[in-house]
Amino acid sequence: MHESVADVDALWDRFEVFEAIHHTQRICNPMNEAQLIELLELLRPVERSSWLDVACGSGELVIRAIEQGSRRATGLDLSPWMLNAGSAESERRLPAEQRPTWVLTEASKWSPDQPADCVTCLGADWIWHGMQGTIPKLKDRVAAGGIVAYGGPRLNFGADPEYVSSEFGQLETAGDVEARMAECGLRVVERIDPGEAGWLSYLERGRQDVLAWATRHPGTRAEQWIAEQQDWVEHFGRDREVVGWSVWVAESIAT
Ligand SMILES: C[S@@+](CC[C@H](N)C(=O)[O-])C[C@H]1O[C@@H](n2cnc3c(N)ncnc32)[C@H](O)[C@@H]1O
């Protein structure tokens, strides 16, 4: 299933805000460098010849996967800004024959011709309407015996699920994510928890990026992007006790 993108100009416009808030960042999620290194160690690129990163952002994960031994990698994303950054970075770091394939697409409308040995999706669970929908789609795209990494929100450790569901609505726990993985034939091998420090650092990077963007592209749009980033910070302040975020690494087993 491959559906091409009809209006690329509209995508440049739509994703400008995300670019303004992330344009210097190689990883657009709360993980720090040590956690990214740990994730790659768990995914073992040298043993996985094909990779697929769904909503790859600027492609750091697939570029590192190839640098560390994977042979073929595909990064797909709906932002032309992000894919341009990924493509430029891979030209800088990799010989032509090793560079990832970059696919500009709505992720829910694209699936690989063949399952990949490693499938990742970090920070984009809304594509399939949350983890319940996303996890089976990752399983569909991974080869038997392959590995998956899913990064998404969860109920914070220590938060009372009953209080949270009465005040904020349903928010799945880490246990719910792990149960969904088990149902879909994915055996969890590790969970990485960036914690609050990861969020604070991610938000601060976004603040600096959007201010730098506004200096370079002054005007009403840049003012809007600054306000949007401030909203993110306010949401975080409001939700910090309740919402956490983790990356789960899971092996695909026969179902
Ligand atoms: C929070 S970022 C995460 C990027 C990357 N996975 C990372 O962890 O650095 C979310 C990414 O999802 C992409 N995205 C949003 N909606 C999408 C869609 N419907 N299909 C594909 N990519 C999408 C955005 O362009 C952005 O790069």
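**Exercise 1.** In this predicted model, helix α9 (residues 195–216) and helix α10 (residues 220–239) have axes that come within 9 Å and cross at roughly 170 degrees. Work out how α9 and α10 are oriented to each other, and which residues make the contact.

*Solution.* Start with the crossing angle, roughly 170 degrees. Angles over 145 degrees count as roughly antiparallel. The helices α9 and α10 are therefore roughly antiparallel to each other. Next, take the contact residues. On the α9 side they are Trp199, Leu203, Gly206, Arg207, Val210, Leu211, Trp213 and Ala214. From α10 come Ala222, Trp225, Ile226, Gln229, Trp232, Val233 and Phe236. Sorted by class, this contact has 12 nonpolar, two polar and one charged residues.

**Exercise 2.** Determine the strand order of the open sheet and state which strands stand at its edges.

*Solution.* The sheet has seven strands, in the order β3-β2-β1-β4-β5-β7-β6, with mixed pairing. Reading the ends of that order gives β3 (101–104) and β6 (186–192) as the edges; each has a single partner strand, so one side of each is left without a neighbour in the sheet. On average, neighbouring strands are turned by 20 degrees against each other, direction ignored. For β6, six bridges join it to strand β7 (residues 243–252), and the two run antiparallel. Leu186, for instance, has Ser252 in β7 as its bridge partner. Helix α8 (residues 174–183) packs on the sheet and touches β5 (142–155), β6 and β7. The direction of α8 makes about 150 degrees with that of β6.

**Exercise 3.** Describe the residues around the ligand by class.

*Solution.* The shell has 12 nonpolar, four polar and two charged residues. Of the 18 residues, Ala55, Gly57, Ser79, Ala107 and Gly123 come nearest to the ligand.

Notes. Residues numbered from 1 in each chain as written. Predicted model: local features only at pLDDT ≥ 70, side-chain atom pairs only at ≥ 80, totals over all residues. Near = placed C-beta within 6 Å. Nonpolar A, V, L, I, M, F, W, Y, C, P; charged D, E, K, R; others polar. Axes fitted to C-alpha atoms, helices over the stretch in contact; angles between N-to-C directions. Helix = DSSP H or I, 4+ residues; strand = E, 2+ residues; numbered from the N terminus. Parallel < 35°, antiparallel > 145°, perpendicular 65-115°, else oblique. Contact = placed C-beta atoms within 7 Å. Pairing = 2+ DSSP bridges.
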